[in-house]
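Me: Hello! I am new to this structure and would like a friendly walk through it. Could you show it to me?

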Amino acid sequence: MNDPLPNEFRRGPPRLSDAVEPIAFGSKPHEMSDPDEIGDSLTLLAETGDPVSIYPSSSTNVVMARVRSVDPENPYFVFELNEGEYIPPGECVVVAWLRSAKMQFKLSSPDWSPLANQPTLVPAAFPEKCQILNRRAAQRLETPLGIYYLASFVLNGKPYELQLYDFSAGGVGMRAAPRDAVGLHVGRRLQRVRLELGPEAVMIADLDIRLSRTFRSFLLGEQVQIGCQFVNLSPMMQEELARQLDKLNSGRKGGIR
């Protein structure tokens with residue numbers, strides 16, 4: 001196996017906060033099935049050392065790993081797990097960021113055995129196909145003018161209420177004056193956020209802050225734009241979100257970007 005990076009130059013163990021959520025229900029990824037393209041993608045993950053999230057079907061826990069190496073001649077690669085971690089037997093879903101796209105595929109083994117005398121290194125065969133979703137591939141709709149779509153939550157004992165300016169199957173965009181966005185930093189998890197997605201639609205969801213930037217609005221002055229990604233949406237919540245997207249989309253001719 002080709003080891004692209006010596007151990008001393010590799011990053012430290014990936015943390016749970018680095019976990020990448022599976023592709024959201026309602027998204028429209030494209031498929032990659034060419035073994036050479038799959039090998040190139042896995043090699044890129046090995047070279048960058050970016051975190052890989054493994055979701056076993058038999059467990060609710062995510063297993064954090066990296067791609068350690070890719071065989072240059074055969075369709076095999078090696079996971080590098082965190083110390084003390086293991087992959088339960090059976091099927092699992094593997095998710096990672098591949099540059100600006102999300103890569104996801106399924107693997108299965110009755111026994112995810114590590115390499116001899118190397119308990120953190122687990123070999124695997126290439127998947128038959130991968131799903132690739134660009135960051136902006138999910139349908140993203142702007143909220144209608146004149147109707148306030150709100151996100152309400154409490155963080156460290158402080159209540160927040162921010163206006164939603166768009167939402168998609170993958171997340172929401174919020175904005176507020178700088179004084180109302182204090183403490184909302186990239187990487188923070190917002191728990192039990194109440195999302196008002198229309199006059200009669202309310203969802204409660206957890207969100208991870210993925211983007212924060214300041215901009216100047218002609219009408220509102222200085223504003224902070226905060227982009228958030230949904231975390232651990234249940235299938236029922238994913239279906240409800242898809243219904244709201246369809247409802248908003250059917251009620252307007254434009255607004256998709």
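Reply: Happy to! Two strands pair if DSSP finds at least two bridges between them, and strands (E, at least two residues) and helices (H or I, at least four) are DSSP runs numbered from the N terminus. The model is predicted: local features need pLDDT of at least 70, side-chain atom pairs count only at pLDDT 80 or more, and totals for chains, interfaces and linings use all residues. Residues are numbered from 1 along each chain as its sequence is written, and side-chain values use heavy atoms, without hydrogens and water.

Me: Which residue in β5 is the bridge partner of S53?
Reply: Strands β2 (residues 52–56) and β5 (residues 90–98) run antiparallel and are joined by four bridges. In β5, S53 has as its bridge partner V95.

Me: Which strands stand at the edges of the open sheet?
Reply: The sheet has eight strands, in the order β1-β8-β6-β5-β2-β3-β4-β7, with antiparallel pairing. Each edge strand has a single partner, so one of its sides lacks a neighbour in the sheet; these strands are β1 (30–32) and β7 (121–125).

Me: Why is strand β10 largely enclosed by the rest of the structure?
Reply: Buried means under 20% relative accessible area, exposed over 50% and partly exposed in between (1.4 Å probe, protein chains only). β10 covers residues 149–155 and is largely enclosed because, of its seven residues, the number buried is six.

Me: Which residue in the turn between β10 and β11 has a positive phi?
Reply: β10 pairs antiparallel with β11 (residues 158–168) over seven bridges. The two strands form a hairpin with two residues between them, and the turn residue with a phi of about 55 degrees is N156.
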